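The terms are given with their cut-offs where they are used.

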Amino acid sequence: MGNSQNLTPGFAREFIADIRDDLEVLEPDLLAMEALGSNVGCDLVNNAFRAVHSIKGGAGFAGLTHLGDLANSMENVLTALREKKLSLVFPVPDVLLAGLDRMKTLVAALDSDTQPSHEREKLALEALISSPDGTVYHGRCGPFLADRLGRMLDPGVLKKAVSQGKLIYAVEFDPQQDFLEKNRRVRELLTDIESIGELVFADFDPTLAPGTLGPGQGPLTAVVATILDPDFLAQVLEVESSRIIPLDPDAMEFPEPSPQVPPGSEHPEASGAGMAMSPLPNGLPQEVPATTIRVNVELISRLMNLAGELVLTRNQFRSLVERIAVQDAGVNQVMQSLNTVTSLIQEDIMRLRMQPFGNLVSRFRRIVRDLSNSLGKRVDLLVEGGEVELDKRVLEGLANPFTHLVRNFVDHGIETPDSRKRAGKPTNGTILIRVGQQGGQVHISIQDDGRGIDPDTIGAVAVDKGLVTRESVFSMTDKEKINLVFKPGVSTAETITDLSGRGVGMDVVKTNIENLKGRIEIESTPGRGTRVQITIPLTLAIVSALIVGTGGLRFAIPHMQMQEVFHLKPGELQTCVERVGGFDVLGFRGGLLPVVRLRTLLGIETLFFDSITREERRERRFSISGPRRGQDRRKQAGGGIFVIVLKQGINRFGLLVEEMFDTEEIVVTPLGPGLSTCVCFSGSTFNGDSGVIMILDAPGMADQARLGFGAVAREEKRRRGGKLGEEKQGLCPVNLMLFSFAPDDYFVVPLASLARLDVIRPTDIHTVGQQRFMDHKGTTTTLFFLDEIIPVAPCEPSGGPVGVIFPRGLGVSAGIVVGMVMDTVAFCESMNTDPVSPDGIRGTAFIGNRRVRFLDMEHISKRMETLVETAGSMIGEEE
Amino acid sequence: MKFLVVDDKASVRSTMVDILAGLGFNDVTEAVDGSDAWFKLKAEFEGVKPETFDLIISDMEMPAMTGLDLLKAVRGDRNLKETPFIMVTSINTKETIIASMKLGIKAYIIKPFTKESVAAKLVQAGFLKKTD
C-alpha cells in the first residue's frame, strides 16, 4: 500500500481519487500541448500546471512521496515552459507524457504490494531543464536518449562499426550554443565527424542552413562511430564531454520494458507502462484500476462452460416452444427475449476471456529483431489488426506455432540485404501480420516479401523423404506441392541453422493450429514471397453450424468449413455431374468441384420414391453422374439436392445432402476415444429435436472419399484452354480413336491430333507405281498404309471399309490407311511407356480387355513428310 | 607478432613493454624517439633488410620527430604504409586528432595507461580477442 499506510485509509483514498481525476485531466492537456508545439498558449500550460500542482498537493497529504517527487519535477518543467525558458519541442512532450504514465503506474501500484521506481522519469524531467545559466533550457533527452535512438538506428550498421573496433556515441548539440553562437555550420560538424569516424545517424538534416536553427529549436542528436575516446571526441566536435553519451549497441535497441512494472500484472496494458516513448500503438498505459477487477481464469472458464450449457438448453427449449407456440402465440415473444438474453450472455462471457492479438506481437518483435540481427538481415514487422480479440486459450495456443512461423519467415523467407538489392527489392524485408475477424472466425495471415518457396523443390524433398510418391507429386498442383511443407520432415532450407531448417516444425505448426480447430494453408510465389493463411474460431466451445440431413439422420457442418450452399433441382444433378478421372465433379463457378454424396460416404441406405410403381424402394445406385436412357425414375425422389461447398485446405469439394435444416449454435463435445477412428466426424452435439447429432469434418470427409483434387484441377486447367501436352500425363481423360490394323493388333490415336477421319472402300484406293492415292473432293491425296510408315504387322485387306486418318498440322497432303476403325474411347489412366518401343509408338495400355498401342503422331507426321518428298523426287528422276 | 614501441621516456617505454609482455606479446622492439623508430623501420645494415613490424605503438609528444611526424612518414612510405599504428598521448588538440585519424590509426591510448586500457585498445585494434 505504498506510503499511505500511515494515514487512515479512507482519508488517503479521497486524495487518491482526486489524484486520479487530475491525472485524467492532465493527459489530454499534455497531448494538446504536444500537438501545438512551440505555439502552445499560456492557458493550456497553466491548466496542466494546475493539475500537476494539485497532484503534488494530494500526494503530499496522502503520504505518497514518490508521486509528489515526480509531480514536483514535472511542475518545474511546466514552469520553465510557462516562462518560455524551454520550448515545447522534442523531447519535452515525450518526457512529460512518460512522467504522466509513471504517475499513473505509481497510483495503480497502490493496489498492489509493489512500489515502482520513478527515478528514471525524474532524471529525464530534470535533464530537460538542466542548464548552466538557467536562462534558457535546451531540453536534453538525458536518460531517454538511448531508448529513443535504439529505435532509429540500424543495428546492422552499429554491429559493423563495433566489429571494426569502433565505439558508438550519441552526441547532443544545442543549436544556440554550439552553432549560432560559434557561427559554426552543420556542414563543418559533419566534415569533422567524417574525419574521425562515421556519422551513423542524425535527427537533423545535415544540409541544414544555419539560419533555420533558432533559439526555439530542441537539441540535435547525432550518433557517431569512431575509435576515439569520449574526451577526444568532445574535443573534435567542440562540445562539452557531458554531451557525449556512449551507447552500448548490445544493450540499447528495443529496451526492455521497465523492470519496475508490477510483476505478474494481469493487465496487458501495464506492461507498456515502462515504454512511454515507444512508437508502438498499444504502448500507452491505460491504468484504470477503479473499473477493472481481477478474476480467476478458472472461474471464467467455468462461466464459459455454463454459458455453453445455457445455449444448449435454450436450443432444446426453443424446439419445444415451436411445438406449443401454435396454441399460445405469447410464448414466442418470451422465447425471443430468452433468445436475445442468452446470446448476449454468451457473447459477454466469451469476451471475458478475450485478449487482443497485439499481446502476442511483442513476442514476435523481439524474435524478429534478435533473429534478423544474428542473420545480418533487415526485417520490418508490421501488424495490422492487433486489436482483434481472441479467446485466451486460442491466443495461448497460437503463441508457439506463430513463433515458429515468424522464425521461418525471417530465417528462410527474407533474403539478406545484398541479395534483396540484387533482386530489385528494398533492403528491408517486410513481414506483415494481418488479423481480421469475420463471423465467429479470426483470419490471420502472415506474409513476407522474401524469396518464396519453389513448389518443385518441396515436391522433390517430399519424394526423397518418402512422404509421397513421385507419381502423386506429378499430379499435384503447385499449391498442393507447397502445402507439402506441412508434412513432417520437409524443409526448404538449404542450410540448417540453429533456429530452423531441420524440417521439424511446420508439421507441428499445422497440428497446433488444427488442435485449435483452425485451418492453415500456405501459398508462395518464388521470388515474390510467401503467405500463410490461418483461420481459427474465436472460441473453441461453441460453433455455429448448419444442420443437414440424409437418410433420416441429421448432421452438423461447422460454418467455418463451409464456403457456400446451393440447391439443384430434381433431375438437375444427373445432368450437371460428370466424371473426370474417375471422380464425380460438378461445374461450379467456372471451375470443377469434386462432389461426394454424404450417404455414399457414410454408407447410409436410402429410399427413393419410384414415380412409376409409386412405392418407396431402396436406392441401389451410388454413382451420381450419367443419366439413364429414357426417363430417370429417380428424379422424383426428394426435392432435389443441396450442394454444400466445403473447404479442405486449399481445395473445395461439394457434399451432396438431401435435406437442409437450420443454422444453430452448437456446443461441441469431442469424440470419445472409441470413436477416434471415425475420420468423418470431429465431434458431436446435442440437439433439441433429434438428440445427438454428429459434427462432420470436411478434411476427414475429403480423405475418406479420396477425392481426386489433383486430377480435377488439371482437367479444370485443360478446359480453361490449358495445354494439350498435358495429355501425356494420362490422368485427364483423352478421347482416343481405336482401330485395328492387323487382326488383334490395336492402336489408338488421340482424336485431338487428327485433322480428319475418312472411311472409304478399298476400291477407292488407286495404285500408281508404288504410290497409292485416293480422290477426295476432286483432289488427289497420297495414301500410306500404316506399315509403310512404322514397323508394324501388315494389314490384310478384308474388303470391308477402311479408315483413313489425316494428322493435324501435316505439311503435305497425305493420309494413312489405318484399317478397321472400331470406336472412340475416353481414356483417363496413364499409359505405360516402354523404353524399347519402336519409333512411332508412344506406349501401351489396356482399354477394355485389349492391349492397345499409342501412335506417336509427331513421329508419324515427320515420317510421312519425308516419304512424300522422296516419292516426289523419285518420280522426278523417272521422268 | 612483432611490435615497435616508441617513446622518449624510458620509464613509459618499459611500462608499456611490461604490459605487452603480460598480454602475451614478447617480441617488442623499443625506439627512443621518432627518428630512432624511423631508423629501425627503414635502415639497411650491410645488406640486411630492416625488420618488419606488425604494429607500431608510438608516443605523440616527442622531440624532433613527433608521433604524428612518424605516422606521416610511415604512411608515406611504399613498404610501410599499411602498418597498423596506435598513438599514445595525454593531451591533444582537435587538429592533431583529426590529422592522425586521417592518416589512419587503429586506436588512441591515453596516458596514463594501465594494462586494462592497453588491452582494451589492442582488442579495438584487433590484436587481442575480447575476453569477458
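## Conventions

A residue is called buried when its relative accessible area is under 20%, exposed when it is over 50%, and partly exposed in between, with a 1.4 Å probe and protein chains only. The model is predicted, so local features need pLDDT of at least 70 and side-chain atom pairs count only at pLDDT 80 or more, while totals for chains, interfaces and linings use all residues. Residues are numbered from 1 along each chain as its sequence is written, chains are lettered from A and ligands numbered from 1 in the order in which they are written, and side-chain values use heavy atoms, leaving out hydrogens and water.

## Chain A as a whole

Chain A contains 26 helices and 34 strands, which are DSSP runs numbered from the N terminus (helices H or I, at least four residues; strands E, at least two). Of its 879 residues, 48% are buried. The accessible surface, from the Shrake-Rupley method with a 1.4 Å probe, comes to about 42,300 Å², and carbon and sulfur atoms account for 52% of it.

## Aromatic pairs

Over all chains, a search of the whole structure finds 6 aromatic pairs, where rings of Phe, Tyr and Trp (its six-membered ring) pair if their centres lie within 6.5 Å, and planes under 30 degrees apart count as stacked, over 60 as edge-to-face and the rest as tilted. One of them joins A:Phe555 and A:Phe681, a stacked pair with 6.2 Å centre to centre and 5° between the planes. Since A:Phe555 lies in strand β13 (residues 553-558) and A:Phe681 in strand β23 (residues 681-687), the pair ties together parts of chain A that are 126 residues apart in sequence. A:Phe555 is buried at 5% relative accessibility, and A:Phe681 is likewise buried, at 17%.

The rings of A:Phe739 and A:Phe747 are also stacked, because their centres are 5.8 Å apart and their planes are at 25°. A:Phe739 is buried at 0% relative accessibility, and A:Phe747 is buried at 0% as well. In chain B, an aromatic cluster is formed by B:Phe3, B:Phe25 and B:Phe127.

## Nonpolar cores

A nonpolar core is a set of buried Ala, Val, Leu, Ile, Met, Phe, Trp, Tyr and Cys residues joined through side-chain atoms within 4.5 Å. The largest has 47 residues, and those with the most contacts inside it include A:Phe357, A:Leu398 and A:Ile536. Helix α15 (residues 392-413) of chain A supplies the largest share of this core, 9 residues. Another core, lying apart from it, has 44 residues, among them A:Val171, A:Ile244, B:Phe53 and B:Met101.
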